[in-house]
Amino acid sequence: MYGLFLRHFYLIKSSLPRIIDLIYWPTIQIILWGFISKFFSIYSDYYNNTLGVILTCAILYDILFRSSISFNMLFLEEIWSRNFTNLFIAPLKLREIITSLIFTALVRTLIGLVPAIILTSPLFGVSILKLGFPLLLLFLSLYIFGVTLGLFVSAGLIRYGPSFENIAWSSLFLLAPLGCIYYPIDILPDFFQIVAKGLPLVYIFDETRNILLNGFINYENLKQAYILNLIYLVCGISLFYFSFMRARIKGTLINMGE
Amino acid sequence: MHTPLKVIGLSKDYNGKSAVKDISFEVEKNEIIGILGPNGCGKTTTIGMILGLLKPTKGKVLINEIEIENGRIDLLDKINFISPYIELPKKLTVRQNLEVYGRLYDVKNLKTKIEYLSGELRLNNILDKVTGELSSGQKNRVSLAKSIINNPMVLLLDEPTASLDPETGDFIRSFLENYQKEKGASILLASHNMFEVERLCSSVLMMNKGIIIDKGKPEELIQKHGRKNMEEVFLKLTREKYELK
């Protein structure tokens with residue numbers, strides 16, 4: 001019994017990423033739910049349709065989550081199946097790989113989300129389709145940011161190999177408290193507000209709440225989100241190319257999966 | 001006529017340490033050249049640079065007289081690679097895997113090509129089986145099918161018969177001999193199987209600690225070093241002390 005305990009204890013003790021991983025999840029959960037609780041304790045009458053707003057935001061956040069994870073999973077599956085090298089010795093340009101992954105991630109996202117969207121209506125009487133045409137703009141914006149995060153993580157996987165895998169899973173949860181999914185930005189401490197304003201999520205979810213509560217669309221928020229999306233997407237693609245170049249120097253591509 | 005594969009003064013350093021140092025060789029059309037050497041001698045690094053997966057620190061790789069660094073994507077269409085350390089997606093059937101790679105290499109008449117490869121490599125009975133459930137011999141034949149699906153003019157083989165039973169190993173060797181003769185392919189074979197090297201290779205490069213320490217026809221090397229076979233030559237050369245300058 002003690003031997004089995006030691007087997008896992010040595011593993012944890014020798015790996016900083018494992019220790020960080022153990023600390024990371026509870027911390028993020030506590031921060032996120034701390035802000036949510038703070039919001040509801042201060043503004044208990046803010047929403048007259050709390051369930052609808054919270055559930056709609058949760059589904060929209062899942063668009064971001066699914067699209068990013070789908071992108072990462074496509075990469076991770078190649079690593080896990082030890083097929084990574086085969087992919088990179090095929091005559092495929094990097095832009096072709098990125099385009100193919102973006103399209104496949106969209107299909108995976110829709111397969112995962114459509115049943116959930118359909119279920120919320122009979123179960124909770126909430127339909128995100130009530131957002132109307134702006135839903136398409138919100139979806140596209142979240143999808144672009146999700147894919148961009150996928151590009152950042154995949155760039156890390158190319159450069160650092162499977163050891164970067166934990167980052168792939170945890171990157172999105174880091175953004176959850178800062179993204180102001182369930183509460184307005186002014187609930188965050190001042191410093192976090194500065195950081196949050198650099199994320200398109202704040203504008204997307206602020207606009208979602210605005211549409212649901214006030215029934216009209218403020219295109220300024222969406223414009224801000226799309227501008228930030230474009231900047232991050234260009235950075236993500238550039239980082240992907242840069243990581244590939246570095247991986248060719250460091251030899252990660254040939255040792256991937258080992 | 002262009003030399004299909006030319007390696008000129010190729011070097012690769014990792015953090016200031018040499019993995020491969022100033023090696024040069026050529027593989028002509030319709031020729032199989034062997035690379036021999038102990039683990040960590042630089043064989044895989046050399047193959048990685050030929051495939052464009054690694055950027056050389058110095059030197060160049062020419063495929064059909066075009067430098068891989070200048071036309072990697074176009075040249076990858078003319079090369080392929082097989083290694084026991086690289087696998088095909090396990091959840092896909094053999095047919096699906098060949099279809100995927102056929103499309104990645106833009107193979108014309110893909111269905112006919114898959115039928116041809118299935119016949120040649122005895123895959124007919126396993127075409128619709130999931131790749132992950134195959135025996136290592138079957139997986140090896142599937143990987144070989146993938147590696148020649150684009151009719152590569154340069155085929156790189158990293159221990160193509162490692163961990164195979166003698167019958168399957170012999171089948172693979174015979175297949176490679178026939179493939180090379182039929183297609184006039186240039187093959188670079190990295191192997192630890194000395195019998196395989198003696199049988200298949202017209203010439204051998206002996207590597208140790210990142211440099212080519214000897215080269216020649218197998219029979220010439222055996223005679224030159226006064227040994228009975230390539231295994232003894234290998235042991236003699238790898239046990240001698242070759243230090244990198």
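B:Leu188 touches B:Leu5, B:Val27, B:Ile33, B:Ile35, B:Leu156 and B:Leu157, leaving aside residues up to four places away in sequence; contact requires C-beta atoms, placed from the backbone, within 7 Å of each other. The model is predicted: local features need pLDDT of at least 70 and side-chain atom pairs pLDDT 80 or more, while totals for chains, interfaces and linings use all residues. Residues are numbered from 1 along each chain as its sequence is written, and chains are lettered from A, with ligands numbered from 1, in the order in which they are written.

Five of the five residues of strand 8 (residues 186–190) of chain B are buried, so this strand is largely enclosed by the rest of the structure. A residue is buried if 20 or more other C-beta atoms lie within 10 Å of its own, with C-beta atoms placed from the backbone. Strands are DSSP runs of E with at least two residues, and helices are runs of H or I with at least four, numbered from the N terminus. From strand 8 of chain B, B:Ser186, B:Leu188 and B:Ala190 point one way, and B:Ile187 and B:Leu189 the other.

Strands pair if DSSP finds at least two bridges between them.

| Partner in chain B | Pairing with strand 8 of chain B |
|---|---|
| Strand 3 (residues 31–36) | parallel, five bridges |
| Strand 7 (residues 154–158) | parallel, five bridges |

B:Ile32 stands opposite B:Ile187, and B:Leu157 stands opposite B:Leu189.

The largest nonpolar core has 121 residues, and B:Leu188 and B:Leu189 are among those with the most contacts inside it. Such a core joins buried Ala, Val, Leu, Ile, Met, Phe, Trp, Tyr and Cys residues through C-beta atoms within 7 Å.

Terms used. Buried ≥ 20, exposed ≤ 12 C-beta atoms within 10 Å, placed from the backbone. Contact = placed C-beta atoms within 7 Å.
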